Amino acid sequence: MQIFRLALTFPLLAGLAAGCSQPNKAGADGATAPTTAAAADTAALAKKPGWWKETVVYQIYPRSFQDSNGDGEGDLRGIISRLDYLQRLGVGTVWLNPIYASPNDDSGYDISDYRRIQPAFGTMQDFDALLQGLHRRGIKLVMDLVVNHSSDEHEWFRQARSSRSSPYRDYYHWWPAERGKPTPRWSFFDVNSDAWRYDSLTNSYYLHYFSRKQPDLNWENPKLRQEIYRMMRFWLDKGIDGFRMDAFQFVAKDPRFPVLPPGYEKNIIRYYGNGPHLHDYIQEMNREVLSKYNVMTVAEGAGSGPTDAMLFVDPARKELNMAYHFEGMDLANGPDGYRLTDFKRIYTRWDSAFARTGWLSIYLANHDQPRMLSKFGDDRPAFRAASAKLLNTFILTMRGTPYCYNGDELGMSNIRFKRIEDYRDMETRNGYQRVKNRGGDLNAFLAQAKRTARDNGRTPFQWDASAQAGFSTGTPWLHVNPNYRAVNAAAQEADSASVLNHFRRATALRRAHPVLVHGQYRLLDAANPHIYAYTRTLGAARALVVLNFTAEPRTWALPAGLTPGGAPWLNNYPTFGPAATLALQPWQALVLPLR
Ligand code: ISL
């Protein structure tokens, strides 16, 4: 069998990989004007309408990305110091988790002032410098828009709770106690799973789908909606490039709060998503705000299936640009992992539903999930790098906008805390308390948290092998994963075969080949439990993606009529034997041009 060395047979990619490890010249802000081919490409793309289809989104969890002042929390100056790193990833858009003023009950998703920067993250001047630094490199910035709820420390809520006649009262949902107990509503985070909280000041209950410190805003109130649109314009006028809309499908509620059928909480999206007037609100927001800017909008969650999701993003309806679904995420949460055939079925079903119109996001992790590598790949040392590269290959070769969660480009893995005291996330801590209160199995809870807890994905970014992984000179707010000495960006910079450099090659490939962005997707060999193979086709351009989702070598016979048209475009092993039957290494990922 003939062996191809990727660097020899495919000089373009080898050159890109080498270019990636060259540091750029620093400018005044530690920042530079676009100097690389990647930056020139992303800058050109940024001007195109529909740019959000062709971009690659990189999600930054600011609290854990880079601390610049030694207080143990990441901050905006820290991100600014890493702008060249972002540029060299070849991503076109950064999505920042919330950086607004917040008491941090839910790590910034409880906002007390939508127009201020949380002091731990820095100042508005820092924000402006960050935005400018990104734009100078041709990278867009998308912010989290958290308007299903505010913090209970927001001025609106302080006013609203002070008296039943407050002009802000109707900014929230209240149930006067003289009507008796409210009809039950389930809460995601509450220690008693109860979404109603009694407030003695006005002898009423307020609604909170999330924590007690996250009262739900009342979208029925046109004054509230106008406040939110004004706030959105404030950020858009600063020049940001869009919003990721948090829990947005839950904003619309029936204020009569009818009784829901028993067990409704097991199917919460059906009952909480798609409330009355939801799409009227989004269309109004589009008319009054979004349509005036060339920006990207993505709804977190969008109904319970492709038909509901399409309502958010069908261009004819003038609502949002793209949806992201939870179905792929809901796989693999149990102790036995997942079946590849289910994974393929889910991604294929969503692709077909959006084949003619609408647009999807492709992601395998975010700040609400454990690490992609630990969940869908294999984080044992022997397979860590290969499986992380395979998963990144998948994200970057599917149809839809790819989202990479920071650290996944290095193959960071779950930390798997043993003790509840190590967790910082209120969801996990309240869940533990809930199980304790009912005398449940705390060991089983902790075992599950090792697999699924959100803090697994929130540990500090692993920059280098120095103390605290180069994240902070102080004590990090959440423990650093001890594997940082082996898994870190500095070590991977130096290794052209690293997960990081593979990621860079994959983003470069996607930029170079429109077929990987727009091409039609077709699943091959659906029943194969080990291999995920698909083609992408755009006019005469055709590519084949073959992913061995197992830790064993496998063979895979090319279907009749598919003939590779040269050396691989991307390969996470140095070997490739062009043959009618491919011999695949454990977790091998191949992207091949087709004749
Ligand atoms: O993360 C979840 C379960 O672990 C989801 O149910 C999540 O709560 C839901 O997708 C909404 O998430 C968003 O809003 C939450 C916040 O905690 C999440 O971080 C955010 O992504 C409340 O603002």
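Colleague: Which residues is threonine 297 in contact with, leaving aside its neighbours within four places in sequence?

Modeller: Phe243, Met245, Leu290, Leu320, Asn321 and Met322. Contact means heavy atoms within 4.5 Å. Bear in mind that this is a predicted model: local features need pLDDT of at least 70, side-chain atom pairs count only at pLDDT 80 or more, and totals for chains, interfaces and linings use all residues. Residues are numbered from 1 along each chain as its sequence is written, and side-chain values use heavy atoms, with hydrogens and water left out.

Colleague: Where is threonine 297 placed?

Modeller: In strand β10, residues 296-300. Strands (E, at least two residues) and helices (H or I, at least four) are DSSP runs, numbered from the N terminus.

Colleague: Is threonine 297 buried or exposed?

Modeller: Buried, with a relative accessible area of 3%. The cut-offs are under 20% for buried, over 50% for exposed and partly exposed in between, using a 1.4 Å probe and protein chains only.

Colleague: Now phenylalanine 210. Where does it lie?

Modeller: In the loop between β8 (204-207) and α9 (222-238). Phenylalanine 210 is buried, at 9% relative accessible area.

Colleague: What is phenylalanine 210 in contact with, leaving aside its neighbours within four places in sequence?

Modeller: Its contacts include Phe188, Phe189 and Phe250. Asn148, His149 and Asp216 are also among them.

Colleague: Switching to the sheet. What is the strand order?

Modeller: β14-β15-β16-β20-β18, an open sheet of five strands with antiparallel pairing. Two strands pair if DSSP finds at least two bridges between them.

Colleague: Which are the edge strands?

Modeller: β14 (520-524) and β18 (570-571), each pairing on one side only. Helix α14 (residues 340-353) packs on the sheet and touches β14 and β15 (531-538). The direction of α14 makes about 20° with that of β15. Axes are lines fitted to C-alpha atoms, for helices over the stretch in contact, and angles run from 0 to 180 degrees between N-to-C directions.

Colleague: How many bridges join β14 to β15?

Modeller: Five, and the two strands run antiparallel. Glutamine 520 stands opposite threonine 537 in β15. The β14 and β15 hairpin has six residues between the strands, and there aspartate 525 takes a positive phi near 55°.

Colleague: And how many bridges between β18 and β20?

Modeller: Two, again in the antiparallel sense, with β20 spanning residues 589-593. Leucine 570 stands opposite valine 591 in β20.

Colleague: On to helix packing. At what angle do α12 and α14 pack?

Modeller: About 45°, with the axes 10 Å apart; α12 is residues 306-313. So α12 and α14 are oblique to each other. Under 35 degrees counts as roughly parallel, over 145 as roughly antiparallel, 65 to 115 as roughly perpendicular and the rest as oblique.

Colleague: Which residues make that contact?

Modeller: Pro306, Ala309 and Met310 of α12, with Arg349, Trp350 and Ala353 of α14. By class they are five nonpolar, no polar and one charged. Ala, Val, Leu, Ile, Met, Phe, Trp, Tyr, Cys and Pro count as nonpolar, Asp, Glu, Lys and Arg as charged, and the others, Gly among them, as polar.

Colleague: At what angle do α17 and α18 cross?

Modeller: Roughly 160°, with the axes of α17 (residues 426-437) and α18 (residues 442-452) coming within 9 Å. That makes α17 roughly antiparallel to α18.

Colleague: Which residues meet there?

Modeller: Thr428, Gly431, Tyr432, Val435 and Lys436 in α17 meet Leu442, Phe445, Leu446 and Ala449 in α18.
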